Amino acid sequence: MTTSSAPPCSCGPRRAARAVGVVLLVGVLVLTGVNLWAFVGSAGRVSVLGAADDTRTAPVAIVLGAGVRPDGSPSPWLSYRLDAAAQLYREGRVDAILVSGDNREANYDEPTAMSRYLQKIGVPKQAIALDYAGFDTRATCIRAKQVFGIDSALLVTQDFHEGRAVTLCRHAGVDAYGVADTRAHVNRGRWVRSWLRERLALVKAAYEELRGEPPLLGPYEVSVEEAVAWTRTQRG
């Protein structure tokens, strides 16, 4: 008498495959959702510097921080942002520039490096305000409203970053429009990597918005108001 044995069960691999599929599907839905959130939040509010529709004005331009070299000079992409902000100031489209960046460590100071660069290219020191606690885009936006009293601003950063920046600042209560720098496209490989990282940064930003935890704030500062008033006096 012969007996037949049951074929080996493949339940384990099937369950693992289904689990992987579910995780991938959730990941795609999350990425799609946060990108849609930024797209809707910034729709019609981003222009490329120098384009035909780039005509917006505001009391202040906010330059979002990026890398600073060991010698204290801005990285190339941060220099692009600062050049764009200086152009807005020279054209009379803003009266002041708020440079916002990271200064958590004694030997790393983005705002001071940004201010020095702006002064070297012709922006008066009196027209520049510094935010030393702009540790990320969300912190910059919330502090712009609550610490510096900014109601309306032009946001200066790279094009791939503008959607998140404009959306977060609008959520913080700032009537924000983005003026995007596109010169970073000259390094296409780095630009693509940054664009991909931005997709993940949107997940973090959306999560932090949902949590609603405030960034480091502090007392109200009048430096932006003083910078705006100084420029308007000089321009008559």
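Biologist: In which strand of this predicted model is S47 found?

Modeller: S47 belongs to strand β1, which covers residues 46–48.

Biologist: Why is S47 called buried?

Modeller: The relative accessibility of S47 is 8%. Buried means under 20%, so S47 counts as buried.

Biologist: What makes the pairing of the S47 and D54 side chains a polar contact?

Modeller: The distance is 3.2 Å, and the cut-off for a pair of N or O atoms is within 3.5 Å. Leaving out residues up to four places away in sequence, S47 also touches D53, G178, V179 and A180, along with D54 itself.

Biologist: Which residues have the most contacts inside the largest nonpolar core?

Modeller: That core has 27 residues, and the ones with the most contacts inside it are V63, L82, L88, I97, V99, L118 and V123. Two or more residues each come from β2 (60–64), α2 (76–90), β3 (96–100), α3 (110–120), β5 (152–158) and β6 (175–181). The largest share, seven residues, is given by α2.

Biologist: Which residues does V123 touch, not counting those up to four places away in sequence?

Modeller: V123 touches A86, Y89, I97, L118 and I128. There is also a second, separate core, with 25 residues, including I62, V147, F148 and A153.

Biologist: How do you know that α3 is largely enclosed by the rest of the structure?

Modeller: Eight of its eleven residues are buried, so α3 is largely enclosed. The buried ones are E110, P111, T112, A113, M114, S115, Y117 and L118. They pack against β2, α2, β3 and β4 (128–131). After α3 comes G122, with a positive phi near 105°.

Biologist: Why is R232 called partly exposed?

Modeller: The relative accessible area of R232 is 48%. Buried requires under 20% and exposed over 50%, with partly exposed in between, so R232 is partly exposed. R232 is found in helix α7, residues 223–235.

Biologist: Which residues does R232 touch, leaving out those up to four places away in sequence?

Modeller: R232 touches P59 and D95. R232 and D95 are 137 residues apart along the chain, while their C-alpha atoms are separated by 6.7 Å.

Biologist: What makes E198 a buried residue?

Modeller: E198 has a relative accessible area of 4%. The limit is under 20%, so E198 is buried. E198 is found in helix α6, residues 188–211.

Biologist: How do you know that a polar contact joins the side chains of E198 and R164?

Modeller: The contact is 2.6 Å, to be set against a cut-off of within 3.5 Å. With neighbours within four places in sequence left aside, E198 is in contact with F160, H161 and R164.

Biologist: Why is the aromatic pair of W77 and F160 called tilted?

Modeller: The ring centres are 5.9 Å apart and the planes are at 50°. Centres must lie within 6.5 Å; planes under 30 degrees apart are stacked, over 60 edge-to-face, and the rest tilted. The angle of 50° therefore makes this pair tilted. The structure holds one aromatic pair.

Biologist: Which parts does the pair of W77 and F160 tie together?

Modeller: W77 lies in helix α2 and F160 in helix α5 (residues 159–171), so the pair ties together parts that are 83 residues apart in sequence. W77 counts as buried because its relative accessibility is 7%, and F160 counts as buried because its value is 14%.

Biologist: How do you know that the charged end of R45 sits over the ring of Y177?

Modeller: The charged end of R45 is 4.4 Å from the ring centre of Y177. The rule asks for within 6 Å of the centre and within 35 degrees of the ring normal. The charged end of R235 sits over the ring of Y89, 4.6 Å from its centre.

Biologist: What makes C141 and C169 a disulfide?

Modeller: Their sulfur atoms are 2.1 Å apart, and the cut-off is within 2.5 Å. The count by this rule is one disulfide. C141 is in helix α4 (residues 137–146) and C169 in helix α5, 28 residues apart, and the pair links distant parts of the chain. Both cysteines, C141 and C169, are buried.

Biologist: Why is the disulfide of C141 and C169 called left-handed?

Modeller: The torsion about its S-S bond is about -85°, so the disulfide is left-handed.

Note on methods. Residues are numbered from 1 along each chain as its sequence is written. This is a predicted model: local features need pLDDT of at least 70, side-chain atom pairs count only at pLDDT 80 or more; totals for chains, interfaces and linings use all residues. Side-chain values use heavy atoms; hydrogens and water are left out. Helices (H or I, at least four residues) and strands (E, at least two) are DSSP runs, numbered from the N terminus. Buried means under 20% relative accessible area, exposed over 50%, partly exposed in between (1.4 Å probe, protein chains only). A polar contact is a pair of N or O atoms within 3.5 Å; within protein, one must be able to donate a hydrogen and the other to accept it, and residues adjacent in sequence count only if both atoms are side-chain atoms. Contact means heavy atoms within 4.5 Å. A nonpolar core is a set of buried Ala, Val, Leu, Ile, Met, Phe, Trp, Tyr and Cys residues joined through side-chain atoms within 4.5 Å. Rings of Phe, Tyr and Trp (its six-membered ring) pair if their centres lie within 6.5 Å; planes under 30 degrees apart count as stacked, over 60 as edge-to-face and the rest as tilted.
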